[in-house]
Amino acid sequence: MQPSIDIENLNLNIRSARKAVEELKRLGENFPAVARNAERMLASLKMLEINVSDVMDPGGIDPST
Amino acid sequence: MNYHQPYWNPILETLPPEALRQLQLKKFQRIFHWAYTHSKFHRALYRSAGVAPEDIRALEDIRRVPTVEKSMMRQIQGKDPHPYGDALCVPLDEVTVFRQTSGTTGQPVYQPDTWQDWEWWAECWCYILWSQGYRPSDRVFIPFGYNVFVAFWAGHYAAEKLGCEVVGRSDDITKVKGVLLAPSAIEEVVRGIKGLGDEYEVVVDKTGDAETIRLRVEVLPEAQDQCTLIQSELQDQLRLKTNLRYDLEICGCGTLPRYEVKAKRFKDLRSKKTE
C-alpha cells in the first residue's frame, strides 16, 4: 500500500517557494550571482509545479505561463 | 528519501484515467497557447490551418492542429533571429543550450533550448530511470558521444538529478601530433561556420614521423566568393577548439560523399600503415 501524500501541503509550499524565489530574482537585478541562480531555481520550481501543482488543480493551469 | 518508492511521481503515475485525460488537455491548451502567442512561425502555421487556442476545447480538437515537419524547421533555420528563425518561442537571450539532430537524413535540425527546457527533458527521463530501478546509490555509464548531437543528454542529466554517480565520456578520442583530439570537436567547428555545408571529411595520416590532418569541407554556393575568409576562420576556430593545425581543402557543394546511415567522416590511416 502506498503511503499517503499530503498534496495540499506540498502545493502550498511550492507556491510559497515561487514567491520567495521571484522576490530573490527581483532583488538580484544588480546582483548577477543572485539573479541567475534564482532563475535556475525557478526552472526547478516549474518542475515541482508540473509534478504536483498542475495535477492538484488542472483547472488552475494558466495558459499564459 | 524512500528508495523503495516504486514511482518517481506517486501522484501523477497513479492518477485515474479520466483525471489524466483532463490534465493532458489542460497541458496541451497551455503549450498550444504559448506557441501561438510567442512564435510567428507557429502562429502562421496554425492560422493557415484555421485553428486558434480557443478552438481547443477537448482532446479530439487536437486533430485539427497541424504537425511541424523537419523540412519546415530546415527551411527557417539560418534566418533571424539567427540561427533559429522565427520558430523560437522565447527571446533569443533565454536560449542557453544549442544542440542538433544527427544529420543522418540531411541537414541537421537545430535545437535551441532554455535551462527550463533541459530541466523538463531530464524530468521526463527521471520517470523512466526511476521506474527501471535506478537509485541514488547507483553508478551510471551512458556510452554516447557527448557532443552537439541532442540525443541521450537528457539521460545523463536525469541520472545526475536522481543522484546517481554518472561516469562520463569514453569514446573515439584519439591522439594526433601528441594532442588528444575528439572528432566531434571538428564537426562542431565546421557546422558552426556560416557559409559551410554540413558535410566534411577528416583524414589523419602519417608520413615518416610527421602526422597530418587533412580536412575537406564544402562551401555553400552563396558563399563561393568568401572562400579565403571562411578558410581563415575555419583554421582559427579549429586551432582554438582542438589546438591542432589542419591541411584544409575547400570543395564545391556536393563534392563530398553523402551517407544514408550514420556518416563515417573520420578516417585514421595511421593504424592501417602499422598493421
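Tutor: Two residues are in contact if their C-beta atoms, placed from the backbone, lie within 7 Å. The model is predicted, so local features need pLDDT of at least 70 and side-chain atom pairs count only at pLDDT 80 or more, whereas totals for chains, interfaces and linings use all residues. Residues are numbered from 1 along each chain as its sequence is written, and chains are lettered from A and ligands numbered from 1 in the order in which they are written.

In this model, 16 residues of chain A are in contact with 18 residues of chain B. Two elements of chain B, helix H1 (17-38) and helix H4 (115-131), each give two or more residues to the side that touches chain A; helices (H or I, at least four residues) and strands (E, at least two) are DSSP runs, numbered from the N terminus. H1(B) supplies the largest share of that side, seven residues. By class, the side of chain B that touches chain A holds eight nonpolar, five polar and five charged residues (Ala, Val, Leu, Ile, Met, Phe, Trp, Tyr, Cys and Pro count as nonpolar, Asp, Glu, Lys and Arg as charged, and the others, Gly among them, as polar).

H4(B) meets helix H2 (residues 32-56) of chain A: their axes come within 9 Å and cross at roughly 40°. Here axes are lines fitted to C-alpha atoms, for helices over the stretch in contact, and angles run from 0 to 180 degrees between N-to-C directions. From H2(A), A:Arg40, A:Ala43, A:Ser44, A:Lys46 and A:Met47 meet B:Trp115, B:Gln116, B:Glu119, B:Trp120 and B:Glu123 of H4(B). Four nonpolar, two polar and four charged residues make up this helix contact.

S2(B) pairs with strand S1 (residues 97-100) of chain B in the antiparallel sense over four bridges; two strands pair if DSSP finds at least two bridges between them. Within this pairing, B:Pro112 in S2(B) has B:Phe98 opposite. B:Tyr110 is buried because 21 other C-beta atoms lie within 10 Å (buried requires 20 or more such atoms, exposed 12 or fewer, partly exposed in between, with C-beta atoms placed from the backbone). Not counting residues up to four places away in sequence, B:Tyr110 touches B:Gln77, B:Pro83, B:Tyr84, B:Phe98 and B:Gln100. B:Tyr110 and B:Pro112 form the covered face of S2(B), while B:Gln111 and B:Asp113 form the uncovered one.

Chain B is also divided into domain 1 (117-167) and domain 2 (174-274), with bounds from an automatic or database domain assignment. The C-alpha centres of these domains lie 31 Å apart.

Chain B also contains an open, mixed sheet of four strands in the order S9-S8-S7-S10. Its edge strands are S9 (247-252) and S10 (266-268) of chain B, each pairing on one side only. Strand S8 (residues 210-219) of chain B pairs with S9(B) in the parallel sense over six bridges, and B:Glu218 stands opposite B:Cys251 in S9(B). Helix H7 (residues 227-242) of chain B packs on the sheet, touching S7, S8 and S9 of chain B. Helix H6 (residues 183-191) of chain B lies across strand S7 (196-207), S8 and S10 of chain B, running at about 140° to S7(B).
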